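User: I would like a close look at a single part of this model, with the terms spelled out as they come up.

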Amino acid sequence: MRYAPALLILMATSVSAQQTPAIATPAPAAAPVQKAPDEGEIRLHNDFGWLGRYREANTKVTGPVTIVFMGDSITQGWFDKMPGFFTPGRVGRGIGGQTTTQMLLRFRQDVIDLKPQMVQIMAGTNDIAGNTGPMTPEQTEANIMSMAELARAHGIRVILASIPPADHFPWRPGLDTRSRIAVLNAWMQDYAKRTDSTYADYWSALHDGQATRASFTYDGVHPNEAGYAAMAPVAEAAIRTALARPCPRPIAD
């Protein structure tokens, strides 16, 4: 059977169209899901230092205050796990995750206004972690110096607590924690000597090499009950030593 040229062209075009795969039209990209900010994120914008955390509790402090424990989650956990350590006159003012920048903002409210005989400042872990942004050791040191100077200006003795050992931070994998902890602890020990303050060496009571002894922690950073039990004698000795030092001459009301 013979076909006309025009018909042959039409048939060839039809066969070619059937053999060519159809080009899929990409589906429109789904709009990104907007995750609602959590409570902590909202607080960073509305109350960066979290002055609201202890505002009401501070109004209920009665009687003389011997010592305020100012710090981050390690100090907060001490009060939460071992409340018996906080006998009358001992006040816990730790807030989990805080850096020295945030502590400095609330230092007057949570320490000075309580008129304690002394304050223990335990800080630096979250500075190293960069919880509120990257920080140099010098910036951390400056914040600690400012808190110590404020305390002395108001006649409050100062205890500088070492940063506890940690060879890693679970929330900052890969971060070099050991060398930075060592640098800040060495500086704090020297600064305490230069300012007639007391240095509380919790690092030596807790360490196993450069890490916290496994039996003293539940995550490599935060002490468990056994860890706080090991810290207690260090705190008691620091309190006795600080009380034996002359009270700083207040220069401000």
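Which strands does helix α5 lie across, and at about what angle to β1 does α5 run?

Analyst: This is a predicted model, in which local features need pLDDT of at least 70 and side-chain atom pairs count only at pLDDT 80 or more, while totals for chains, interfaces and linings use all residues. Residues are numbered from 1 along each chain as its sequence is written, and side-chain values use heavy atoms, with hydrogens and water left out. Helix α5 (residues 100-110) lies across β1 (67-71), β2 and β3 (118-122), and runs at about 160 degrees to β1. Helices (H or I, at least four residues) and strands (E, at least two) are DSSP runs numbered from the N terminus; contact means heavy atoms within 4.5 Å; and axes are lines fitted to C-alpha atoms, for helices over the stretch in contact, with angles from 0 to 180 degrees between N-to-C directions.

These strands belong to an open sheet of five, ordered β2-β1-β3-β4-β5 with parallel pairing, where two strands pair if DSSP finds at least two bridges between them. Its edge strands, each pairing on one side only, are β2 (90-94) and β5 (198-200), and the twist averages 20 degrees from one strand to the next. Strand β4 (residues 157-161) is joined to β5 by three bridges in the parallel sense, and Ile159 has Thr198 in β5 as its bridge partner.

The loop between α5 and β3 holds Lys115, a residue other than glycine whose phi is positive, near 55 degrees. Most residues other than glycine have a negative phi. Lys115 counts as exposed at 66% relative accessibility, given that buried means under 20% relative accessible area, exposed over 50% and partly exposed in between (1.4 Å probe, protein chains only).
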